[in-house]
Amino acid sequence: MPKVNVLNQTGEVVGDLELAPELFDVDVNEHAVYTVVKNLLANKRQGTQSAKTRAEVRGGGRKPYRQKGTGRARAGSRTQPNWRGGGMVFAVKPRSYRYTTPKMIRRLALKSVLTSKVREQELIVLDALSIDAFSTKKASEILKAVKANKKAYVVLSEANEQVIRSFRNIPTVETVDVNSINVYDLMRYDSLIMTQDAVKKAEEVFQ
C-alpha cells in the first residue's frame with residue numbers, strides 16, 4: 001500500500017497518508033491512457049472546417065475551349081478539381097468528432113495516471129488548503145513552500161471560490177474539484193496537489 005507525506009501550507013510534514021492501492025497502485029496501462037487522451041482531444045475539436053466541392057465553386061457554365069485542335073487536354077468545365085480554382089474532391093465539411101470511450105477504459109486510464117504520479121513522486125498531499133482573502137501572492141507562496149513544479153494541478157474536495165480565484169492568475173496552475181479531474185489535464189501538469197479530503201473523495205468516487 002503506497003504511503004505519502006502530508007504537508008501543511010508552509011511545507012512542513014505533519015503526518016502521512018496511506019493511499020488506496022486500487023486507485024494509486026495499479027498496473028499502468030499506457031494504451032488506455034492513449035485511448036482516453038485521444039478521445040478527450042477529439043471531443044475538443046470544433047469541426048467547423050469546410051471546403052467547396054466542384055458543384056459549389058463559382059463558374060463552370062460553359063466549356064472553356066473547344067474539344068479538338070488546341071493541343072490541350074480535353075476540358076468540360078473550369079470547376080474540375082485539377083484546375084486552379086476548381087472544387088475539391090471529397091471536400092471536408094463541418095462535422096462532429098465527438099465519440100465516447102467505455103467507462104471501464106476511462107477509469108483504467110485515470111488509475112494509471114494517478115499511479116504514475118505517485119511513483120514519480122509528483123503527488124503532493126496537503127492537510128488542508130485555505131486562503132482567507134483573494135491573494136495570488138499567497139497562492140504563489142504555497143506553491144513555493146510545498147516545492148511544486150512550475151505547472152501544478154490543484155485538486156480540491158469541493159469548489160472553493162477563494163482558493164480558485166487566488167490561483168487563477170497563475171497561468172501554469174489549474175484548480176478543480178475532484179469530480180472535474182480528467183486524464184489529459186493530469187498528464188499536462190507536472191505536480192499534482194491534492195488535499196487529504198480530495199484524496200479520500202477520489203478513492204470513494206473512482207474505485
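This is a predicted model: local features need pLDDT of at least 70, side-chain atom pairs count only at pLDDT 80 or more; totals for chains, interfaces and linings use all residues.

Trainee: Which residues in helix α4 (residues 136-145) are buried?

Mentor: In α4, the buried residues are Ala 139, Ile 142 and Leu 143. Looking down the axis of α4, you will find these buried residues within an arc of 100°, so they line one face of the helix. Now turn to the face of α4 directed away from the buried side, where Lys 137 and Lys 144 are exposed.

What does the buried side meet? The buried residues of α4 pack against two strands, β4 (152-156) and β5 (173-177), as well as helix α5 (161-168) and β6 (191-195). Just beyond the end of α4, Lys 147 has a positive phi of about 60°.

Next, let us follow one of those neighbours, β4, into the interior. In general, nonpolar side chains in soluble globular proteins tend to be buried together. Here, the largest nonpolar core contains 31 residues, and Leu 123 and Val 155 have the most contacts inside it. Helix α3 (residues 103-119) gives this core its largest share, five residues. Another core, of 18 residues, lies apart from it, and Ala 139 is among its members, along with Leu 129, Ile 131 and Ile 170. So that you can trace the contacts of Val 155 on screen, leave aside residues up to four places away in sequence: Val 155 then touches Val 176, Asp 177, Val 178, Ile 181, Leu 192, Ile 193, Met 194, Thr 195 and Ala 198.

Ala 198 takes us to another helix, α7 (residues 196-206), whose buried residues are Ala 198, Val 199, Ala 202, Glu 203 and Phe 206. They span an arc of only 140° around the axis, which puts them on the same side of α7. Among the elements covering these buried residues are β4 and β6, together with α3.

Finally, look at Lys 117, which sits in α3. Is this lysine buried or exposed? Lys 117 has 6% relative accessibility, and because buried means under 20%, Lys 117 counts as buried. Beyond residues up to four places away in sequence, Lys 117 touches Glu 122, Leu 123, Leu 186, Tyr 189, Asp 190 and Leu 192.

Notes: Residues are numbered from 1 along each chain as its sequence is written. Side-chain values use heavy atoms; hydrogens and water are left out. Buried means under 20% relative accessible area, exposed over 50%, partly exposed in between (1.4 Å probe, protein chains only). Helices (H or I, at least four residues) and strands (E, at least two) are DSSP runs, numbered from the N terminus. The arc is that of the directions from the helix axis to the C-beta atoms. Contact means heavy atoms within 4.5 Å. A nonpolar core is a set of buried Ala, Val, Leu, Ile, Met, Phe, Trp, Tyr and Cys residues joined through side-chain atoms within 4.5 Å.
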